[in-house]
Amino acid sequence: MKRHKYNAVKTTLDGITFASKAEAKRYAELKLLAQAGVISNLSLQPRYDCVVNEQKVCTYVADFLYLEAGKQVVEDVKGMKTPVYKLKKKLVEAIHNIQITEIGGH
């Protein structure tokens, strides 16, 4: 199996290929929470365009989006926080007025 540059191993669960074992594990946990009615509207890989002065700077792709107690939760499973990730996170949070919840990948 080919390893990612940060040692992440692609993992397939329910026919969905995740970037890492940690991400697949978190999906399984969220699926159980959804079945139990704790969360709802679970979606994978929500995309957020970062537009500044009418110019698209980048697109940020989170891992998961769901509702918990009526509040939207944007979640990212992170093992390695690269400088590009840190910048995109700040940009998305400022532009879209959201908070990204980080789940440790180790």
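The legends below describe an overview and close-up views of one predicted model.

Local features are given where pLDDT is at least 70, and side-chain atom pairs only at pLDDT 80 or more, while totals for chains, interfaces and linings use all residues. Residues are numbered from 1 along each chain as its sequence is written, and side-chain values use heavy atoms, with hydrogens and water left out.

**Figure 1. Overview of the protein chain.** The protein chain holds two helices and eight strands, in the order β-β-α-β-β-β-β-β-α-β from the N terminus. Helices (H or I, at least four residues) and strands (E, at least two) are DSSP runs, numbered from the N terminus. Along the principal axes, the C-alpha atoms fill a box of roughly 40 × 40 × 20 Å. Of the 106 residues, 32% are buried; buried means under 20% relative accessible area, exposed over 50%, and partly exposed in between (1.4 Å probe, protein chains only). The accessible surface is about 7,200 Å², and carbon and sulfur atoms account for 52% of this surface. Accessible areas come from the Shrake-Rupley method with a 1.4 Å probe; for residues, only the protein chains shown count as cover.

Figure 2. Helix 1 covers residues 21-35. Its 15 residues should span 21 Å at 1.5 Å a residue, and the end C-alpha atoms are 21 Å apart, which agrees. The expected span is 1.5 Å times one less than the number of residues. Buried residues of helix 1 are Ala-22, Glu-23, Ala-24, Arg-26, Tyr-27 and Leu-30. The strands that the buried residues pack against include strand 3 (39-44), strand 7 (71-78) and strand 8 (100-104); contact means heavy atoms within 4.5 Å.

**Figure 3. Cys-50 and Cys-58.** A disulfide is counted when a pair of cysteine sulfur atoms lies within 2.5 Å, and the count by this rule is zero. Cys-50 is in no disulfide, its nearest cysteine sulfur being that of Cys-58, 3.8 Å away. Cys-58 is likewise in no disulfide. Cys-50 is buried, at a relative accessible area of 0%, and Cys-58 is buried at 15%.

**Figure 4. A nonpolar surface patch.** Val-52, Val-57 and Ile-95 form this patch, with about 220 Å² of accessible area together. Patches are made of residues with over 30% relative accessible area and no salt bridge, with like charges joined within 9 Å and nonpolar side chains (Val, Leu, Ile, Met, Phe, Trp, Tyr) within 5 Å. A salt bridge is a side-chain nitrogen of Lys or Arg within 4 Å of a carboxyl oxygen of Asp or Glu. Val-52 belongs to strand 4 (residues 47-52) and is partly exposed, at a relative accessible area of 36%.
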